Amino acid sequence: MNAFIEFLTLDNLTYMLFGLVWSVIYGVIVVLVGTILGIIGAALKISKHKVLQSIGGLYTTVFIGTPMMLQILFFAVALPQALSFTGMRFEPTTLGVVAMCLNAGAYQTELIRSGILGVDKGQWEATETLGLSYFQAMRYVILPQAFKRIIPPLISEFMTLIKDSSLLYNIGAIELTASASVLGSRSAGIMIPYLDAGIMYIVIYLILSRVEKMAERRLAVSD
Amino acid sequence: MTNSMIKVDHITKTFNGFTAVNDASLEIEKGEIVCLIGPSGSGKSTLIRCINGLEHPETGKVYIDGEELDPKSGNFAQIRRKMGFVFQHFNLFPNMTVLENLTLAPVKVLGKSQQEAEDVAMKYLQVVGLVEKKDEYPNKLSGGQKQRVAIARALCLEPEMMLFDEPTSALDPEMVLDVLNVMKELANEGMTMIVVTHEMGFAKTVANRVVFLEDGKIVEDTDAKTFYENPESDRAKDFLSKVMY
Ligand SMILES: Nc1ncnc2c1ncn2[C@@H]1O[C@H](COP(=O)(O)OP(=O)(O)OP(=O)(O)O)[C@@H](O)[C@H]1O
Ligand SMILES: [Mg+2]
């Protein structure tokens, strides 16, 4: 307990919080870009075009079928190496985040797709009889209803992504797990910094769980 | 070409080998009120949905105001816009208020300004008697109110004809009259209408013609009075004996 309190100096705490803020920022970026990719992916998968469907299918198969760590290493390490002859320079963290976005986009493709398919067929027919185009129907009628039902799982996804951003530690990014590791190597033991990081992850998790529950309740009421 | 408002020319529609509408032909003049009746599964919905372009018949053609309704043709959407369609289950957009439901298509499809669209919407809310509900969401309305909003929504596109697929079948009995009264008012104003309905009273008093379907075929197509008092086919007689007390 003493060691724990000793570790919690203002400097150390600031350093950890700095890492935490980055973890959350990565989570936010990835969940937002992932949502956009998810909308595109879902549109591909539910389209009637065989070719577009296959592109969507290939995308989700590749990014759901392989581990996120491998994807991050592929984008942040393998790709720059393969492209080194071009002389272009890439920032590994950026590429790692790109990999995470693509991965999240694949999961959200499935999520959004099921949300869209869950909207009553009569809604599509009503837009049709009113003369709305496919895109207008999606934008004003279908997606708003689909998103309403996927907001809770989307918040879960966000929680997962904040934790998953710790994978970026392996390619040298600054985030909470990395902060803990750095502080651990500077001080006597690594146990306390890791416990401390763990507590911070749990606090974020608990907060977002509450938000998720609230969203679930709100949405249930308005249905 | 013909100058019928609606002309259905020998259409057949099958679902996985099952014939839902079988070689049906029908002509409806401007201002006519035609009721489609028949037993459950006889193809009433399929027929009216083919007329609106929600389903596409394999053979035969549908003409609206003299023009062929063809999903592959460039004017499909334009022709379709001449028809308003009202569903059994209303299909209001739950994510929008009543007023937003009514103004969406006029703004996005017809390119009206929000203000113009709202003026028209208020006019039709008045017609269906729901002005005070304009800012409510559909889940706050009763079934009868939802259906009247759905009728107003279709009217906001100023259609030349209205198609109704069992508009009162999902309603509690005390709500039915409100909806039928709105439809009657439309009929009195000269709207061309096709109504799939089990409401014999409405068919009897409002319809000019009754089209009776069985097993996807139009078995009888006659004026309402003749149909109810003196039906030709045994099938229609049998049907009437079952639905009339
Ligand atoms: N999308 C579809 N897929 C497969 N079969 C269908 C489809 N739509 C209708 N059918 C079948 O076609 C037949 C006619 O259906 P339709 O809905 O037109 O009948 P209806 O006269 O409107 O009946 P109800 O009074 O019950 O509404 C039925 O046997 C029905 O099962
Ligand atoms: Mg039906």
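Modeller: Before we start, helices here are DSSP runs of H or I with at least four residues, and strands are E runs of at least two. Keep in mind that this is a predicted model.

Colleague: Got it. How many helices and strands does chain A have?
Modeller: Read along the sequence, chain A goes α-α-α-α-α-α-α-α-α. With that pattern in hand, the count for chain A is nine helices and zero strands.

Colleague: And what does the C-alpha trace of chain A span along its principal axes?
Modeller: Chain A has 223 residues, and buried ones make up 36% of them. Take contacts between residues at least 6 apart in sequence: 76% of those in chain A join residues at least 24 apart. As for the C-alpha trace, the spans are about 70 × 55 × 25 Å.

Colleague: Where does UniProt place the feature "transmembrane region" in chain A, and how far apart are the end C-alpha atoms of residues 20–44?
Modeller: The unreviewed UniProt entry puts that feature at residues 20–44, 56–79 and 188–208 of chain A. In the model, residues 56–79 of chain A are 92% helix and 0% strand, with end C-alpha atoms 23 Å apart. Residues 20–44 of chain A are 100% helix and 0% strand, and there the end C-alpha atoms lie apart by 35 Å.

Colleague: Let's move to where the chains touch. Which element of chain B gives the most to the side that touches chain A?
Modeller: On that side, 17 residues of chain B are in contact with 14 residues of chain A. The elements of chain B giving two or more residues to it are α2 (76–80) and α3 (98–108). By class, this side of chain B has 10 nonpolar, four polar and three charged residues. The element that gives the most, with three residues, is α3(B).

Colleague: What do the buried residues of α3(B) pack against?
Modeller: The buried residues in α3(B) are Val98(B), Asn101(B), Leu102(B), Thr103(B), Leu104(B), Ala105(B) and Pro106(B). Their packing partners come from both chains: α4 (114–127) and α5 (143–155) of chain B, along with α7 (134–164) of chain A.

Colleague: Now the ligand. Which element gives the most to the shell around ligand 1?
Modeller: Ligand 1 has residues of chain B around it, among them Phe15(B), Gly38(B), Lys44(B) and Thr46(B). By class, the shell around ligand 1 has three nonpolar, seven polar and one charged residue. Both β2 (18–28) and α1 (44–52) of chain B supply at least two residues each. The one that gives the most, with three residues, is α1(B).

Colleague: What about β8(B): are its residues buried or exposed?
Modeller: Strand β8 covers residues 192–196 of chain B. Thr192(B), Ile194(B) and Val196(B) point one way, while Met193(B) and Val195(B) point the other way. Five of the five residues in β8(B) are buried.

Colleague: And which strand does β8(B) join through five bridges?
Modeller: With β3 (residues 33–37) of chain B, β8(B) pairs in the parallel sense over four bridges, and Ile33(B) stands opposite Met193(B). On another pairing, Asp165(B) is opposite Val196(B). β8(B) also belongs to a right-handed β-α-β unit with β7(B) and helix α6 (residues 173–188) of chain B. The strand running parallel to β8(B) with five bridges is β7 (residues 161–165) of chain B.

Colleague: Then is Glu166(B) buried or exposed?
Modeller: Glu166(B) also has a positive phi, near 45°, and its place is the loop between β7 and α6 of chain B. The cut-off for buried is 20 or more other C-beta atoms within 10 Å. Glu166(B) has 20 of them, so Glu166(B) is buried.

Key. Residues numbered from 1 in each chain as written. Chains lettered and ligands numbered in written order. Predicted model: local features only at pLDDT ≥ 70, side-chain atom pairs only at ≥ 80, totals over all residues. UniProt positions renumbered as here; feature names shortened; annotations may be inferred. Near = placed C-beta within 6 Å. Nonpolar A, V, L, I, M, F, W, Y, C, P; charged D, E, K, R; others polar. Buried ≥ 20, exposed ≤ 12 C-beta atoms within 10 Å, placed from the backbone. Pairing = 2+ DSSP bridges. Right-handed = clockwise from strand over helix to strand, strands pointing away. Contact = placed C-beta atoms within 7 Å.
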